[in-house]
Protein chains: 4
Amino acid sequence: MAEKKEACGLIGITNHREAVYLTTLGLFSLQHRGEEAAGIAYSNGERINVKSGLGKVHDVFSNNDYDKDFPNSFQAIGHTRYSTTGKNNAKNIQPTLVDHLKGQFALAHNGNLINAKELKMELEKMGSVFQTSMDSEIFVHLIAKSKHLDFEEAIIEAVKRVRGSYSLLIMTKDTIYGIRDPQGFRPLCVGKFGDSLVVASESCALDLIEAKYMGQVHAGEMVILKNNVMEKRKIFPHPKPGQPGRLGRCIFEMIYFSRPDSLVFGKSIYSFRKATGRILAEESPVDADVVIPIPDSGNCAALGYSEKLKIPLELGITKNHYFGRSFIQPEQSERDFLVKLKLNPIKNLILRKKIVLIDDSIVRGTTTKKKIKILRSVGAKEIHLRIASPPIKHPCYFGIDFPNPKELIANNKTLAEIKKFLGLDSLAYISLAGLLKSAEENNFCVGCFSGDYPLQVKEAVTKEVLQA
Amino acid sequence: MAEKKEACGLIGITNHREAVYLTTLGLFSLQHRGEEAAGIAYSNGERINVKSGLGKVHDVFSNNDYDKDFPNSFQAIGHTRYSTTGKNNAKNIQPTLVDHLKGQFALAHNGNLINAKELKMELEKMGSVFQTSMDSEIFVHLIAKSKHLDFEEAIIEAVKRVRGSYSLLIMTKDTIYGIRDPQGFRPLCVGKFGDSLVVASESCALDLIEAKYMGQVHAGEMVILKNNVMEKRKIFPHPKPGQPGRLGRCIFEMIYFSRPDSLVFGKSIYSFRKATGRILAEESPVDADVVIPIPDSGNCAALGYSEKLKIPLELGITKNHYFGRSFIQPEQSERDFLVKLKLNPIKNLILRKKIVLIDDSIVRGTTTKKKIKILRSVGAKEIHLRIASPPIKHPCYFGIDFPNPKELIANNKTLAEIKKFLGLDSLAYISLAGLLKSAEENNFCVGCFSGDYPLQVKEAVTKEVLQA
Amino acid sequence: MAEKKEACGLIGITNHREAVYLTTLGLFSLQHRGEEAAGIAYSNGERINVKSGLGKVHDVFSNNDYDKDFPNSFQAIGHTRYSTTGKNNAKNIQPTLVDHLKGQFALAHNGNLINAKELKMELEKMGSVFQTSMDSEIFVHLIAKSKHLDFEEAIIEAVKRVRGSYSLLIMTKDTIYGIRDPQGFRPLCVGKFGDSLVVASESCALDLIEAKYMGQVHAGEMVILKNNVMEKRKIFPHPKPGQPGRLGRCIFEMIYFSRPDSLVFGKSIYSFRKATGRILAEESPVDADVVIPIPDSGNCAALGYSEKLKIPLELGITKNHYFGRSFIQPEQSERDFLVKLKLNPIKNLILRKKIVLIDDSIVRGTTTKKKIKILRSVGAKEIHLRIASPPIKHPCYFGIDFPNPKELIANNKTLAEIKKFLGLDSLAYISLAGLLKSAEENNFCVGCFSGDYPLQVKEAVTKEVLQA
Amino acid sequence: MAEKKEACGLIGITNHREAVYLTTLGLFSLQHRGEEAAGIAYSNGERINVKSGLGKVHDVFSNNDYDKDFPNSFQAIGHTRYSTTGKNNAKNIQPTLVDHLKGQFALAHNGNLINAKELKMELEKMGSVFQTSMDSEIFVHLIAKSKHLDFEEAIIEAVKRVRGSYSLLIMTKDTIYGIRDPQGFRPLCVGKFGDSLVVASESCALDLIEAKYMGQVHAGEMVILKNNVMEKRKIFPHPKPGQPGRLGRCIFEMIYFSRPDSLVFGKSIYSFRKATGRILAEESPVDADVVIPIPDSGNCAALGYSEKLKIPLELGITKNHYFGRSFIQPEQSERDFLVKLKLNPIKNLILRKKIVLIDDSIVRGTTTKKKIKILRSVGAKEIHLRIASPPIKHPCYFGIDFPNPKELIANNKTLAEIKKFLGLDSLAYISLAGLLKSAEENNFCVGCFSGDYPLQVKEAVTKEVLQA
């Protein structure tokens, strides 16, 4: 699938004379979590500055002269982001840098608040002036308004006001605070290398800079990184399983967002995805000639499926990684080449073959339909689609930018109708139980499949989503 | 491998009201043949114009307004190029457009001439003024100097003067000429869709625009495309096998350059590469836990190797496709992260495993060494490297930009020394016989492995290469 | 003189379907008031948007497509600015656009507040978060904090808290407010054309768009422009002459900043400057061969001086208007060409002549010294410098960015010493009385000459200036 | 006037370690001779390189790092150009750099050839391939074709083939050749400073770098500058006055193109222009209140006119030097603001006054008409226009880009009709005799006034101009 927009990526590094360079590298490895903008806030112990811009990490940072541009900066936090709509999006780039009586601080946020509107109105009534349309700015004003003189206490007062998903990095001139919301929706982990500490969304960022993985920042926890010392502080009580307010790690981080080489929520993404393939093979086997993944989203599950059923795997669809997102088709063009620009089937692998096609998920179904059509056009005999996640039927309020529920194909069509719409010989999704079995754990938010969310969402908010 | 620089990509389209748009799409699919510059010459029947620039296809053409910028252009040729060194490389972008008494024409070239220096000197003595440092300009001056009034005859007179590798597209205001050198070093194929014709380096360009593959332009042949009519003309006699002047398709097009979803020299690249993996498995089996390809160059061979020996395949190394080539490391940085930026191993697939690692080739060996080191660092128990091409020991005079032979590892070290240098438990290359068996054919140039070239290279030229 | 940095330029237009285009034109005519950044906020009655950027008006707006980019925008305010120091100056571009419960509004400011620090600290204590380092943002937070529900009252509450110089434009989605501080330091005037109203810093902006001049916004007054209706409201009582809090129009607006074709403070700049030349001729005549102005700052006064004494005027020094400010000299260069790049004397007009050279003012004296040296080098016999303003000895707290008082030549040297330093045959400044006589009025701030300011400046602020 | 396009500017410097920097400065001072493109070729004695680009000198060279970018370059030639029409104008930037068996050389040209077409056809027949549409490239091919082994002789052979106007700089790795055509249409002068020599279009370029003026390169002469030695060589015999082939210095260089602070053809431009004003006052006096120049083209003549008749001069029209040429008006705009953007009258100087308005020339008359209208709109009582050159009635074949003769107002209307068209109270031009008297010399090309040219122009060429 490719219709889901991506979450943000976070990384912070302390106590390293190349902190900005290593943060840039970390952002490279988190690029898949947001290609719209990137930024780094860095401190020399006296002042914090920010360099940021629209575009990919490479666009913003490739002209850095690390040996000159960031003198004595030993500490940094970075952010890649998927920008919201709106013209003035240059303003919405993170990290946000604040100069305030409480001292300079920078803030980077991954997540989505469900009481943002109320808080914003309340703050504006008291005279706060918002400069951006980002939820993240709410943290800034709550911290600024706090009567606590101690900065750490001001942060805690602020996060206790918000509801929703947030993995948060806040940097003062000498400290990085990492916070995860009580449900633990978005990932955040910590690592160590030499005398430096690192905090990041995914472990692939730690790998790149050769840091040792030290585990997750736990849900409801704050880590305080200062030089080479990490302190942990429990902010929220441990939530009770099965109750509102329970743990709710985003299962889509596992299914699609995160890199296969990452540990996320302490689990190997690659192994999880391969397991979904194996379970899918058990639940919905096909007697086929060949297993072919939709690259790259179906790769791992296809390996599991092929292995389980001893059907040969072929990388029968190639992906063109050069494809530029901003490519504009001529209006008058007769045909739609966009899917073909990205994916090309290898004819002699497909012609007259019975194919099991594997993908991670289906959102609207329109792109999947085009892919099926391409396979048909090169002579596939049968096409059996297997999907490594259950049907998506409900919106996400916690950071995944699914389309309006009305546009979700599984919300509007039966399995048989979807199969017909896509032009398939057969179609099966993994079961929810099978999915959770693959994860070997239960503490996930699966609201997009089940409609049951770990946090109660006000009716006003759900209405807004449905009418969007 | 990644140290080989890439060849150029060619595409031409006739008789289509969206000729420029389709040519752009074609260039997208040939992007892997040259990322340094791209250009398109287009004709409305009256005048030829060129749009070109440094960078990838997307950089040069993403702002095209196809509905307005190219009125009535029904015919176009495009080129992606790997630029040579030198400051003024903006001048060296192709296609080259010429305004001359003989009429306007545009020219795009993939290949390398071995009598370029002599021809250039001869032409300058007669008053020709070269504007670029490209071999390709020699064709231009030879055509301009020709006493033939007929343009087609002038082209033939010109190509008969040059020696070396060339797939060539020449466009006048109403015709596209496609020519392949007598040895057929570089590929060129033709296709058809509706009332239009297309000529391109690889068939993946035909697939993208949904054209039907109609076969190769044969070695020593000229195709003349005008509207929907293709005429063929034999320019050079069929060469005799095994003799100097024999056929010499570049085997590296098969091994590395071309896209796996292409037909090149009439053969499926994917199937060829998978076959090398199978033969390698026969020639040099290993009793291992897992087969892992170096992505993406080792993917197909790894599938063949795994399939043959029934050892499970894992995509145990991930590739970061966001990596920007122009990324500059700080000079003072202690460690080299460039390889890690591109490739990250998945620790739990490698830890304590006996691994067969598959790649297409080794050039200098330095990058391979870094990759091996990365696998060691995550706890591989044994690493057995299998290479799907023989040791590279000789220079290429026909378009592949290998380093100086002195830097080729197989030219300087024994197999045992290479194994030691790379830190391997075992190392094997496919045999030359095995390689040719995978191609099911013999008419290849394998000079980089054997030192025996299909065309004789003057001593002066070979000396120059060795002393570079 | 050229060492004074320039003030900001303001323009606002109501009720015109080409409001953005006309505002751009107005900014062109106010370009001399700030070349560092330019911006326009425009309203379609529903929403306000801003387009702005670093650079001159042309840099920011030359690629506007007026027919498409600003649909239905009938009202706009624009700003050209001289940016303060600091890296993040892109943030400091005006107009500032605010989205707030009180409604969207945009704000543009020309001037300097002398109680900015105190107000900022007070606001931050109450939780306000400043996004920029501009004084102007203080107005924004004061308005946001105001308990007044009525926007106009909120503005008035805000401006009553600040002390200093400000001409201010504030635009809501349907109204433009123009406000001048009680001393009237900076100019602001209003005009009318068709059914539209315009408010601008100088009348030259009105001329350009063919609007009729309707007089000044008076000191301490607010004008409220809505469609074609202008309402005036007295915010501050009329100040008493000669008392602290008295009127204090900036005399440097007359001497240097404003364009000669403008009416400023209701007076013709050209006529004022020519009058200073005549009075200077009376006060300090010379028996010379020729009167030559330093272009263009001395042009008008030179005309007056020449006319009064019947000495022929020659435009004996040419100015190169192509000169780019960002031109960087090589460090190793032996000679300083920067003054020569701008000014070239015409040798045959100067050789062996007794010259009266006219300029508007001297700040540090270093540039003037270079100009004198250039005239000497082409053979001037005598050089008599006449300056159309008194010696500058004191800092400006109200918007003119003079250097530190320690660097003002008239603060450190006697007249005789200055004459010697500059290498002159004679030197005279106009008297303060003569200057005010030229203006035919007394209500000016002449603090930079006399040290006596219309508003009392706190000791803390004066100390800061002296120690800068 | 502003409808004449401008000529090109040339400068060359030998034997100076800052040759490139000084050449850049020189180009700054010749910017008025061409704003479309700029370039510098520089030599370190071994190799010549070129830096050039579209735009003004500042656009192309402001980011030079003179201390690093041009190591050991002791010799350079520079060019500013007014580009011809056509899309690919980036190719047409000069200097042109040529790598050829005869050795590297760079060439910069100011002028226009009248046998360009014939020569180009002849060269193409012999196989030359032109890369640009510039006349200048003809010199390159003629030199390349020359059988002379000696480079100097090859140049001379080349220039003897061409007819038309050319001031030419040609640089080899150690020598600069400066050549002026036999009629001497375009200026070229030489200077000296320290151990360096300089050759430039106008003396203002010499002034800027503090070089001593040493006189003109004479018509038909070649100067050879090598290190600190200048050699002169007569290429063409001295032409006979009054005969075809006679001297023909372009009088428009004096009237409009050149800077007032320059010596051109050995004469002071300022003094010449002031003289035209005095003679105009004698020939066509007016009893007026005030003399006002159109800035800046009428400034000098206005001084002369005012002085002669003792009528006060006022700088009653201000010029906005910020005006950007590429400013685009909205299509739907009701009014034309372009003239107003550049020029603003000072109302109180004009209201109810009898004005003598002075300009250098009238071409189409449309812009002049707008200026008159602006003066009328601010209440001028009478407007008497005096023009410091005779009526322009004929095309220029020698480098001035006048519009088609059909569009020249003086070619289509009588004096009375022009006066009426412009809305004047009276109109007078200087006489041709008066003009030449102002120049104190007769050796000028005045073909645009008289139709009598110093070189015979083939009928084919004249026809082409008339039908353009």
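**Reading helices, sheets and ring pairs**

Biologist: I would like to begin with helix α15 of chain D; what covers its buried residues?

Modeller: In this predicted model, the cover over the buried residues of α15(D) includes α7 (251–257), β16 (267–268), α8, β23 (444–445) and α16 (447–450) of chain D. The buried residues themselves are D:Gly434, D:Leu435, D:Leu436, D:Ser438 and D:Ala439.

Biologist: Turning to sheets, in what order do the strands of the open sheet in chain C run?

Modeller: The open sheet of six strands in chain C has the order β5-β6-β7-β8-β12-β13, and its pairing is antiparallel. At the edges stand β5 (96–98) and β13 (229–234) of chain C, each with a single partner strand, so one side of each is left without a neighbour in the sheet. From one strand to the next the twist averages 20°.

Biologist: Which residue of β12 in chain C is the bridge partner of C:Ile176, and where does helix α4 of chain C lie?

Modeller: Strands β8 (residues 176–180) and β12 (residues 221–226) of chain C pair in the antiparallel sense over four bridges, and within β12(C) the bridge partner of C:Ile176 is C:Leu225. Helix α4 (residues 136–145) of chain C lies across β5, β6 (105–113) and β7 (164–171) of that chain, running at about 130° to β6(C).

Biologist: How should I read the two faces of a strand, and which residues of β8(B) stand on each side?

Modeller: The general idea is that in a regular strand the side chains alternate between the two faces of the sheet. In the case of β8(B), B:Ile176, B:Gly178 and B:Arg180 are on one side and B:Tyr177 and B:Ile179 on the other, and both faces are covered. Five of the five residues of this strand (residues 176–180) are buried.

Biologist: Which strands pair with β8(B)?

Modeller: One is β7 (residues 164–171) of chain B, which pairs with β8(B) in the antiparallel sense over five bridges; these two strands form a hairpin with four residues between them, and the bridge partner of B:Leu168 in β8(B) is B:Ile179. Another is β12 (residues 221–226) of chain B, joined to β8(B) by four bridges and running antiparallel to it, with B:Ile176 standing opposite B:Leu225.

Biologist: How many aromatic pairs does the structure hold, and what describes such a pair?

Modeller: A pair of aromatic rings is described by the distance of the centres and the angle of the planes. Over all chains the structure holds 60 aromatic pairs. A:Tyr66 and A:Phe70 form a tilted one, at 5.9 Å centre to centre and with 35° between the planes, and both of these residues are buried. Together with A:Tyr21, A:Tyr42 and B:Phe337, the residues A:Tyr66 and A:Phe70 form one aromatic cluster.

Biologist: Why does the pair of B:Phe252 and B:Phe402 count as edge-to-face?

Modeller: Planes over 60 degrees apart count as edge-to-face; the rings of B:Phe252 and B:Phe402 have their planes at 75°, with centres 5.3 Å apart, and therefore the pair is edge-to-face. B:Phe252 lies in helix α7 (residues 251–257) of chain B and B:Phe402 in the loop between β21 (382–387) and α13 (409–412) of chain B, so the pair ties together parts that are 150 residues apart in sequence. B:Phe252 is buried at a relative accessible area of 0%, and B:Phe402, at 8%, counts as buried too.

Biologist: Finally, how far apart are the nearest C-alpha atoms of chains B and C?

Modeller: They are 16 Å apart, and chain B and chain C do not touch; likewise no contact joins chain A and chain D, whose closest C-alpha atoms lie 16 Å apart.

Notes: Residues are numbered from 1 along each chain as its sequence is written. Chains are lettered from A and ligands numbered from 1 in the order in which they are written. This is a predicted model: local features need pLDDT of at least 70, side-chain atom pairs count only at pLDDT 80 or more; totals for chains, interfaces and linings use all residues. Side-chain values use heavy atoms; hydrogens and water are left out. Two strands pair if DSSP finds at least two bridges between them. Axes are lines fitted to C-alpha atoms, for helices over the stretch in contact, and angles run from 0 to 180 degrees between N-to-C directions. Contact means heavy atoms within 4.5 Å. Buried means under 20% relative accessible area, exposed over 50%, partly exposed in between (1.4 Å probe, protein chains only). Rings of Phe, Tyr and Trp (its six-membered ring) pair if their centres lie within 6.5 Å; planes under 30 degrees apart count as stacked, over 60 as edge-to-face and the rest as tilted.
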